[in-house]
Structures are given as structure tokens and as C-alpha cells.
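The sequence and the structure are shown first.

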Amino acid sequence: MASIAKQTSSLVPPYLGMILSALVQGLAGRTWAGKEELLKAIACVVTACSTELEKSVPNQPTTNEILQAVLKECCKENLKYKIVAISCAADVLKATKEDRFQEFSDIVIPLIKKNSLESMGVRSTKGEDENDKERELQLESLLGAFESLGKAWPRNPETQRCYRQELCKLMCERLRLSTWKVQLGVLQSMNAFFQGLMLLEEEHADSEALAEILLETCKSITYSLENKTYSSVRTEALSVVELLLKKLEEAKQWESLTAECRRLLVESLATMETDNRPELQEKATVLKKTLESLE
């Protein structure tokens, strides 16, 4: 069924209902080896057929029923399985544009807080190999959690108002503390967060709330812009800054980017003007000039 889903760009009734019903029913009960293939197949079918799913068809599971089933799997104990379930739920939420952020973040945010790599003490009772495997799994779950939050970020002013501050703080803390792989994952998540942040649109403007988020972001993104070792981290950080400046320009909200924010960014971008990658050097210079012209 997973391969049917991957090869079919769009299934139509009654086949869509038959396949989804079988997949959703298969999710019931305990976790077994290979069960994650069902989750991947569900994500594939829903992503390919999201338009068809908007119609109400007899004997076809509704988006709500699919989400209920998948979110239930996100609460399972087995971490390897849980990672796949969270990723699948995020894909379903993104494809259907459903807002289940409260429920979803209640599962994902505690996972991030619990699994920050830095707080993981190496347990001496286990062998070195076992510790390495565990660390790898923790890293995978942390990266998956951030990516999923970015995908599940809903276009709903009310939900965004409740979570934007907490989410921003969570990402910024991890940028300052983490290994380069996690920094990269957080920056990609940050990109998705700002891409969908309604505060950055003229009709949803709230300069005070936005100024707070931008200050928090600018303070932590400097770590990534000045990351001398990994150009992938610098590249991703630059694209976040570029996105922010573009959005502020479009929504005419420059006043939310305080003098302190501009100073922090200009200083970090200045360090990149000697970057060993010409394209990063060039981009940093352009962004720095944009910021300086605001003075």
C-alpha cells in the first residue's frame, strides 16, 4: 500500500477511501516491527490526495479521523516509532492545513526539552556502543521535532498568538546551546516559522510583539552567523536574516527592528565579509548595506 501511495499522484474514490481505511485500521493496537511503514504510507496518500480529502465521501476517513489516529501514535513509548509518527503527523497537518497545534506541540515540545543533547548524561552502566546509539536516536528525535513544528505551524492568528513567543524562545535557546547539526535543523525550522508568522504581514501587525520576537532572534542568530566551522550553518542563518528583512520591507514594519537588533546583525554580518565562500560574503555585504541604510 505504501508503494501504491508513492506511485499514484492522486487516488480518487472509492479507492482512496479503501486504502486510507485499511491504513488507519492497521494503526490500531500495539507497535510492531515495520508498523512505521503504515504511517509513511498515510503521509504519502494524504499529501498526494489532500484536495480529494476535502470532499465528504461515504466510507472515506475524514481528515479529522486520520489525524486522530496518527496523533495517537505520536504518544507511543517507542522513540524510534514516535519519531516517524511525529513526522507523519506534521506532513498530514501541512498537507491539510489543519490547525491541531495545541495537541501537537503538547507532544513535541516536551520531547525537545527532554532530549536536548546537552542534558544527556552518558550513562556509565551501558556500553559505549549502546550510548552512541542512544545519542544518535536522541539527535534524530530532536531534529525531527524541530522540523515537525515548522511544518505544523498553522495559519491561525489566535493559535499563533498563543505559541509564537514560546516557539521563538525554544528555537533561540537551542541555537545558542547546540551542536552544528541541531543548529542547522533549528534554523530550517525558524525559516518555516517566520515564513508563516502572521505578525510579519501588514494586516496582522503588532509592532511591540514583533519587536520582542526579533530581538530574541537577533541575539541568538549571531552565534550561527559567526559559526566559523560550518558554512552550512552560516548559509542557513543568512537565509533567515534575508527572509526577515524581505518580510519587514514588504509589510513596512522596519520600526520593529530596534537599533539593538540592527547593531547585532550588522556586527555579525561584518564578520562574514571575509567569509571563505564568495557567495556568502556577497550576500552578507548586501544585507549589511540594507541594515545600514536604515540608520
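This is a predicted model: local features need pLDDT of at least 70, side-chain atom pairs count only at pLDDT 80 or more; totals for chains, interfaces and linings use all residues.

**Overall fold**

The secondary structure consists of 14 helices and 0 strands. The C-alpha trace spans about 60 × 55 × 35 Å along its principal axes. Of the 295 residues, 50% count as buried. The protein exposes about 14700 Å², and carbon and sulfur atoms supply 51% of that area. When contacts between residues at least 6 apart in sequence are considered, 72% of them join residues at least 24 apart.

**Helix packing**

| Helix pair | Axis separation | Angle |
|---|---|---|
| α11 (residues 207-225) and α13 (residues 259-271) | 9 Å | about 10° |
| α8 (residues 128-152) and α10 | within 7 Å | roughly 10° |

Helices α11 and α13 pack at an angle of about 10°, and α11 is therefore roughly parallel to α13, since angles under 35 degrees count as roughly parallel. On the side of α11, the contact is made by Leu-214, Leu-215, Cys-218, Lys-219, Ile-221, Thr-222 and Leu-225. On the side of α13, Glu-260, Cys-261, Leu-264, Leu-265, Ser-268 and Leu-269 take part. The residues of this contact of α11 with α13 comprise 9 nonpolar, 2 polar and 2 charged.

For α8 and α10, the axes cross at roughly 10°, so these two helices are likewise roughly parallel to each other. Helix α8 contributes Leu-139, Leu-142, Leu-143, Phe-146 and Gly-150 to the contact. Helix α10 contributes Lys-181, Val-182, Gly-185, Val-186, Ser-189 and Ala-192. The residues of the contact of α8 with α10 divide into 7 nonpolar, 3 polar and 1 charged. An α-helix has 3.6 residues a turn, so residues three or four places apart point the same way.

Which residues of helix α5 (residues 63-73) are buried? They are Thr-63, Ile-66, Leu-67, Ala-69, Val-70, Leu-71 and Glu-73. The cover over the buried residues of α5 includes α2, α3 (36-48), α4 (50-53), α6 (79-96) and α7 (101-114).

Val-24 is placed in helix α2 (residues 15-27). Its relative accessible area is 17%, so Val-24 counts as buried, the cut-off being under 20%. Neighbours within four places in sequence aside, Val-24 is in contact with Ile-42, Ile-66 and Ala-69; Ile-66 and Ala-69 are among the buried residues of α5. The C-alpha atoms of Val-24 and Leu-67 are separated by 9.7 Å, with the two residues 43 apart along the chain.

**A residue in a loop**

Is Glu-201 buried or exposed? Glu-201 is buried, because its relative accessible area is 15%. This residue lies in the loop between α10 (180-196) and α11. Apart from its neighbours within four places in sequence, Glu-201 is in contact with Arg-155, Ala-251 and Gln-253.

Key. Residues are numbered from 1 along each chain as its sequence is written. Side-chain values use heavy atoms; hydrogens and water are left out. Axes are lines fitted to C-alpha atoms, for helices over the stretch in contact, and angles run from 0 to 180 degrees between N-to-C directions. Helices (H or I, at least four residues) and strands (E, at least two) are DSSP runs, numbered from the N terminus. Angles under 35 degrees count as roughly parallel, over 145 as roughly antiparallel, 65 to 115 as roughly perpendicular and the rest as oblique. Contact means heavy atoms within 4.5 Å. Ala, Val, Leu, Ile, Met, Phe, Trp, Tyr, Cys and Pro count as nonpolar, Asp, Glu, Lys and Arg as charged, and the others, Gly among them, as polar. Buried means under 20% relative accessible area, exposed over 50%, partly exposed in between (1.4 Å probe, protein chains only). Accessible areas come from the Shrake-Rupley method with a 1.4 Å probe; for residues, only the protein chains shown count as cover.
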